[in-house]
Amino acid sequence: MKLHCMRSFIKPEVTQGAKLNPWHLGYPTFTKQSPKELVASHFNALVESVFCHYGILEKLRYLNVLSCEFADRPNAPVDWTASSKPDIIANRVPLHELEPGRMRFFWEDANAAWVLKEEDTPAMREESRKQLSHFASHILRIQCSMRFFLGVALLATTLIFYTFDRSGDIASEAFDIRKNPEKLCRVIIGLSIVDGRHAGMDTLYLGGNCHPAVFVNETLYKIIKTFYIDPERVGRGVRCLLTENNGIQYVIKDSWIDRANRSREYALLEKLRGLEGVVQIVEYEFVTDGDRKDTTETDRWPLLKNGESQLFSEGFVIRDHYRMVMEPYGDSILDFHSLPELLMVIKDIIRVIQALHRRNILHRDISIGNIILVSIDGSSLRKGVLIDFDNATDFSEHSDELEDAAGTYQFMARGVLEVLEHGFCASSETHDYYHDLESLFYVLCWICTAKTGPHNARRAGFCETGIGSNWHQRGVGHSLAYKRATMEDSIVFGSTVLSQFSSYFDPIRSCIKALHNDLFVKVEQSELKQPDIVCDRDELCDGLCEVIDETLHELTCQEHSSNTESGPDSSTRLLSQSKSKAAKQPGLPVTDQGNEKDTDTDATTLAEDDVQADGDSAINPFPDNTVAFYAGSKRERSIKGPGGLKEPKPKRARKLWR
């Protein structure tokens, strides 16, 4: 292709009385236009001139148009807002919708972003890269169909082209647009006509925001909503969708898996088909990009092999794009309805951890976000289900993976935190089932401290004080030191952690003391001399479940006694009155957000004046339906008249791990 018309576009022209600025590409500065408007309008004119000159404009269906005019999207979700916006965006527009003059776009729909700088310095290059990386993170979060994102930095007359994906950032060689007009035109023309697939769009997504759907193995699933998005751009990029096919709801998990990981979630779930308490896989696929598999290697290889690109993410990993269809869909554990339901869910997960270990599998990421509540046969009664096996491993095949620290660190066991903080050595512990049990205990303590009652009733000030600050906000080292200082002695545990519990959880304090005693309290002095002592898995799990069963029986007896003495409607009245009472308590605001994906980094907080004092429960923990369920379950026990809560006798500790 001849480029004489393109060269004329880049050639500086001086208009009488006009002031030249080198980053205006030689065009005169007009008083009514800002620099970014000049760049956008003249590059659009360049594209139009070339296409008209060669007579190909009428052959196009779409054109990516540059614009610095942004429209505000009505009723946009809060998490769509960004702290800053690009100087220029490229947006794909049908040719018949092109309008003369300026066009306004929703910048969240962009398929490429530009930043403009007045000078080319190392500091400006780094600043522009970070800005484009920020825009890419935002776009990949809100556009479910984006696989990667394109960026352009124009620093005076120097242009750098970027690609941002789940493995990191890479950049093209920097070049001077005045000295290399052909290369500039290739970039501008290429960006203007690139199709959605090569601009980062996932062609298996359909319908945009109107009637969205996605294909998995040629089966079409209608997207109802997106209920989880990984906030990090580099990494797995997990996105969870609630979908529907033939009237049945499914969850689709879209993620980018490290190719070096030998334990794959879909393979483990295939082994666990039919296991109660574990999310069930329906189907999965290695996502394809046209006729090839979709990986970050595919998009990086052409840029890396010629030696002209710069890799910004040190130690980057190649990631493969997978989708899994699973069932069932459930609520967060934070949306529990009552204390009996919460304890039953904890017991369910104990049994799941036990069953997984029998199959030589460890979950290795027991956390609030990975436990859901699922209805039993469509009723209001729910059971606990364990999800997210990304960090799980089959230790019969990959025992060396147990030396790696994995999980959500505010819920990590002490032995795992030790490896995360200091690395694995001869004296370190390999991950085992009891580390998962310890993490589950931290989940229970977190709920009792962060919440004021059922239905995700949040407690103000949680992140600033107590375990919210010491387990999460201050880093891995502090979390390890705090857990060691507070968990290995029952008295210290009671005065530091148990004292922070909300009053709603008073009826299960004795249960948590007994669970702590089984999991943490030091064994007899003689046993301490045997560092290799290992607690029998079934004995430990059965003991923990027995503690929970005893508490459930006592809660049921107390509720039965309360209903017998106060009449059949008293429970409902107590519940409504206690909610009003809780709302009036200073420092204990009850705010039911109804948020299904309350995460560990939840901004909920627990002020120092919220630390639990002795008193009555703020909310009645015994809804009417719990009596019939727990009295008639497999754990059926006869109710022998009224009886209050009794302090269980501490059980003899069976295991100590450091």
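Visitor: How many of the eleven residues of helix α13 are buried?
Guide: This is a predicted model: local features need pLDDT of at least 70, side-chain atom pairs count only at pLDDT 80 or more, and totals for chains, interfaces and linings use all residues. Residues are numbered from 1 along each chain as its sequence is written, and side-chain values use heavy atoms, with hydrogens and water left out. Buried means under 20% relative accessible area, exposed over 50%, and partly exposed in between (1.4 Å probe, protein chains only). Helix α13 spans residues 509-519 and is largely enclosed by the rest of the structure, because the number of buried residues is ten.

Visitor: How many helices and strands does the protein chain have?
Guide: Helices (H or I, at least four residues) and strands (E, at least two) are DSSP runs, numbered from the N terminus. The protein chain has 658 residues, and 53% of them count as buried. Its secondary structure comes to 17 helices and 26 strands.

Visitor: What is the handedness of the crossing of α8 and α11?
Guide: The axes of α8 (residues 414-422) and α11 (residues 476-487) come within 9 Å and cross at roughly 150 degrees. That makes α8 roughly antiparallel to α11. A crossing is left-handed if the near helix is turned anticlockwise from the far one by less than a right angle, and right-handed if clockwise. The crossing of α8 and α11 is left-handed.

Visitor: How many charged residues are in the contact of α8 with α11?
Guide: From α8 come Arg414, Leu417, Glu418, Leu420 and Glu421. By class, four residues are nonpolar, two are polar, and the number of charged ones is five.

Visitor: Which residue of β6 is the bridge partner of Leu116?
Guide: Strand β5 (residues 112-117) is largely enclosed by the rest of the structure, because six of its six residues are buried. Ala112, Trp114 and Leu116 point one way from β5, and Ala113, Val115 and Lys117 the other way. Strands pair if DSSP finds at least two bridges between them; β3 (residues 88-94) and β5 pair antiparallel over three bridges. Six bridges join β5 to β6 (residues 149-155) in parallel, and the partner of Leu116 is Leu154.

Visitor: Which residue of β23 does Leu373 stand opposite?
Guide: An open antiparallel sheet of three strands runs in the order β20-β22-β23. Its edge strands are β20 (331-332) and β23 (382-386). Five bridges join β22 (residues 371-375) to β23, and Leu373 stands opposite Gly384.

Visitor: At Asn456, which is buried or partly exposed, what is the relative accessibility?
Guide: Most residues other than glycine have a negative phi, and most peptide bonds are trans. Asn456 has a positive phi of about 60 degrees. It lies in the loop between β25 (451-453) and β26 (457-458). Asn456 counts as buried, because its relative accessibility is 0%.

Visitor: Which peptide bond is cis, with omega near 0 degrees?
Guide: Look at the loop between β19 (319-327) and β20, where Pro328 is found. The cis bond runs from Glu327 to Pro328.

Technical notes:
Axes fitted to C-alpha atoms, helices over the stretch in contact; angles between N-to-C directions. Parallel < 35°, antiparallel > 145°, perpendicular 65-115°, else oblique. Contact = heavy atoms within 4.5 Å. Nonpolar A, V, L, I, M, F, W, Y, C, P; charged D, E, K, R; others polar.
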